[in-house]
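Please open the model in a viewer and keep the selection panel at hand.

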Amino acid sequence: MTPALEVSHLTTQFTSGSGKVTAVDDVSFAVMPGQVLGLVGESGSGKSVTLRSLLRLLPRTAQIEGRVIWQGQDLIGMSEKQLRSVRGGDISMIFQEPMTALNPVLPVWLQIDENLRTHTSLSASERVARARELMDLVGISDAPRRLLQYPHQFSGGMRQRVMIAIALASNPKLLLADEPTTALDVTIQDQILKLILSLRDKLAMSVVLVTHDLGVVATTCDHMAVMYAGRIVETGAVSSVFAQPSHAYTRGLLGSVPRAGTQRSQLLSIEGTPPSLSAIPKGCSFHPRCEFATDICRRSTPAMLPQSATHAAACFHSDRVIAAGSPVGAQ
Ligand SMILES: Nc1ncnc2c1ncn2[C@@H]1O[C@H](COP(=O)(O)OP(=O)(O)OP(=O)(O)O)[C@@H](O)[C@H]1O
Ligand code: SF4
Ligand SMILES: [Mg+2]
């Protein structure tokens with residue numbers, strides 16, 4: 001099967017007064033039609049910059065290299081005009097910060113309508129009906145009144161739902177969702193994730209879902225990719241990565257998630273903090289925090305090696321990490 005999206009060697013650097021920093025470093029992954037890929041990693045690991053790089057939604061100081069193949073075309077090489085017809089249409093993005101993505105001076109219905117006018121052939125009355133339906137879908141009641149309001153009249157969680165409604169308006173084939181449910185309470189979070197999954201089933205929509213929540217990965221995603229300091233360090237089917245984490249960082253992440261019935265004292269935690277982009281350690285960038293590190297980790301950068309047909313990790317000591325066992329493998 002041909003992937004819906006194929007990302008190869010994506011590298012994004014920012015230039016500032018003090019030089020260049022690399023926020024996304026040689027990232028490659030593929031998403032199959034109808035697949036949900038979870039992108040996880042600590043704050044600052046490059047998840048949002050990766051998603052924004054795919055659609056070139058970054059400031060001018062960003063330099064993006066690599067290939068992002070979507071329906072046979074490279075989004076990185078595409079003209080801005082061509083890319084505009086893809087953005088918000090076939091590929092939609094839910095941004096991490098709803099306020100920056102919404103236009104503060106336009107009522108919500110106009111923002112949904114703009115998307116529907118650009119990317120569908122619905123008539124004016126069909127667009128009104130669809131806008132109301134989208135508000136219902138994301139759990140905003142009293143749609144006729146709410147649609148006339150402006151973004152500042154919505155709470156943070158409501159704004160996030162409005163943004164989700166706009167992103168889903170065009171029935172996208174690929175949804176890039178950056179922490180789409182963080183500001184929402186658990187019931188609504190559950191509802192939105194179910195909605196995304198039902199659209200995936202109905203439209204064979206592919207999804208890249210950025211989340212801090214490994215519980216969400218377990219219940220929502222088919223595949224996952226773990227990022228650390230701008231690189232993907234482990235990727236695979238969710239069941240395989242959870243059962244047999246093969247990179248020490250992934251093992252640490254899985255171990256730091258509290259689960260029902262688990263004593264707090266049994267949790268692992270990852271010592272230390274992620275590196276700053278201007279001081280990424282040589283070799284494996286995780287080595288200063290890694291209990292498995294040896295000399296080679298400090299000298300050389302580990303390459304991504306297959307663990308199985310659907311699972312790969314970039315760790316010199318995968319065998320020792322695997323032997324240490326999965327913190328969730330016994331579930
Ligand atoms: N416009 C920019 N200019 C310079 N550096 C940037 C810019 N945008 C992001 N960065 C840097 O790139 C790195 C990755 O940021 P990114 O927002 O992708 O992290 P993240 O994984 O999404 O984190 P979080 O979980 O907190 O959202 C960070 O060090 C950030 O400071
Ligand atoms: S390569 Fe070395 S430092 Fe990096 S995660 Fe593996 S064991 Fe740890
Ligand atoms: Mg982010």
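Begin by selecting the open sheet of 4 strands, which are ordered E2-E1-E4-E5 with antiparallel pairing. Its edges are strand E2 (19–31) and strand E5 (73–74), each of which pairs on one side only. Strands here are DSSP runs of E of at least two residues, and helices are runs of H or I of at least four, both numbered from the N terminus; two strands pair if DSSP finds at least two bridges between them.

This is a predicted model, in which local features need pLDDT of at least 70 and side-chain atom pairs count only at pLDDT 80 or more, whereas totals for chains, interfaces and linings use all residues. Residues are numbered from 1 along each chain as its sequence is written, and chains are lettered from A and ligands numbered from 1 in the order in which they are written.

Next, select strand E1 (residues 5–16), which pairs with E2 in the antiparallel sense over 9 bridges. Within this pair, Thr12 has Val24 of E2 as its bridge partner.

Now centre the view on ligand 1. It is surrounded by 14 residues, the closest being Ala23, Ser43, Lys47, Ser48 and Val49; a residue counts as near if its C-beta atom, placed from the backbone, lies within 6 Å of the molecule. Helix H1 (residues 47–54) supplies the largest share of this shell, 3 residues. By class the shell around ligand 1 holds 5 nonpolar, 8 polar and 1 charged, where Ala, Val, Leu, Ile, Met, Phe, Trp, Tyr, Cys and Pro count as nonpolar, Asp, Glu, Lys and Arg as charged, and the others, Gly among them, as polar.

Move to ligand 2. Of the 14 residues around ligand 2, the closest are Cys284, Cys290, Phe292, Cys297 and Cys315. The shell of ligand 2 comprises 11 nonpolar, 3 polar and no charged residues.

Then select helix H7 (residues 156–168). Of the 13 residues of H7, 11 are buried, that is, 20 or more other C-beta atoms, placed from the backbone, lie within 10 Å of their own. Among the buried residues are Met158, Arg159 and Leu168. The elements against which the buried residues of H7 pack include strand E6 (91–94), helix H5 (124–137) and helix H8 (186–203).

Finally, display the whole protein, with its 13 helices and 12 strands. Its C-alpha trace spans about 65 × 50 × 40 Å along the principal axes. Buried residues account for 41% of the 331 residues.

Conventions
Buried ≥ 20, exposed ≤ 12 C-beta atoms within 10 Å, placed from the backbone. Contact = placed C-beta atoms within 7 Å.
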